[in-house]
Amino acid sequence: GEIAPTEIAEFHAEMETLARGRLRDARDVWIDMAPHPLSLLLAWLPEGQIKEQSLEVLFDEPESSAKFEFHHPDGCCNAEIVVRDRLDGPLSRRFGINGHMVECSGQPGPTGEYQSALRLGSVERVGQDFMSVLIQQFASAVRDGIKRPVIAFLGSQSSSLLMVLSLIHIC
């Protein structure tokens, strides 16, 4: 079954990327990476808005974080997003709702195409690469003249979003 908006009380996302020798300030890290988890939140709660008075932002090289209330027609979700550059090591890319955190990674598919993998505990779902989904949605929006925002990373019509919801529902 699907998770109703009224059931989403908390949203958390953490994304890291390799610095690759470049020293970015926290603002640039936020600009580069924060749209992905923000888009995921919008995919779940498309009519939601950040309550400005609740916004707490911390830019502390090489990490950026924001905590805020995300109000939507069915209620309110407390959100926290953390993005950072790392010099090396394994990257953390995870997100979730109500304490159920899904690990996100990539891997080659059987024919060599890049695929996204989502894992919650011992359950894993593999599907279309998130960037490929974004490019398809963008091209479709331009071609069809759609005036609504294109949801980055995990679109509202993406099978990847359904993978996340099914993982959370299973566990």
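**Why is it called that? Reading a predicted model**

The secondary structure of this predicted model comes to four helices and nine strands.

User: How do you know how far to trust the chain?

Analyst: pLDDT is the predictor's own confidence in each residue, from 0 to 100. The chain averages 80, and 82% of the residues score at least 70. Over residues 150–171, however, the pLDDT is below 50.

User: Let's look at one residue. Why is Arg-84 called buried?

Analyst: Buried means under 20% relative accessible area. Arg-84 has a relative accessible area of 16%, so it counts as buried. You can find Arg-84 in strand S5, residues 75–86.

User: What makes the pair Arg-84 and Glu-63 a polar contact?

Analyst: The cut-off for such a pair of N or O atoms is 3.5 Å. The side chains of Arg-84 and Glu-63 come to 2.7 Å, so they are within the limit. Beyond its neighbours within four places in sequence, Arg-84 is also in contact with other residues, including Glu-14, Val-29, Met-33 and Pro-62.

User: How do you know that the buried residues of helix H1 line one face?

Analyst: The buried residues in H1 (residues 26–33) are Ala-26, Val-29, Trp-30 and Met-33. Looking down the axis of H1, these fall within an arc of 100 degrees, so they line one face of the helix. They pack against several elements, among them strand S1 (10–18), helix H2 (35–44) and S5.

User: Why is H2 described as largely enclosed by the rest of the structure?

Analyst: Seven of the 10 residues of H2 are buried, and therefore the helix is largely enclosed by the rest of the structure. Those buried residues are His-36, Pro-37, Ser-39, Leu-40, Leu-41, Ala-43 and Trp-44.

User: Ser-39 is on that list. What makes Ser-39 buried?

Analyst: Its relative accessible area is 9%; the cut-off is under 20%, so Ser-39 is buried. A polar atom of the Ser-39 side chain lies 2.8 Å from the backbone oxygen of Pro-35.

User: Which residues touch the most other members of the largest nonpolar core?

Analyst: Phe-11, Leu-41, Trp-44 and Phe-95 do, out of 26 residues in that core. S5 gives the most to this core, with four residues. As a general picture, nonpolar side chains in soluble globular proteins tend to be buried together. Phe-11 itself, leaving aside neighbours within four places in sequence, is in contact with residues that include Leu-41, Trp-44, Cys-77 and Ile-97.

Notes:
Residues numbered from 1 in each chain as written. Heavy atoms only, no water. Helix = DSSP H or I, 4+ residues; strand = E, 2+ residues; numbered from the N terminus. Buried < 20%, exposed > 50% of the residue type's maximum accessible area, 1.4 Å probe, protein only. Polar contact = N/O pair within 3.5 Å; in protein donor to acceptor, adjacent residues only side chain to side chain. Contact = heavy atoms within 4.5 Å. Arc of directions from axis to C-beta. Core = buried A, V, L, I, M, F, W, Y, C linked by side-chain atoms within 4.5 Å.
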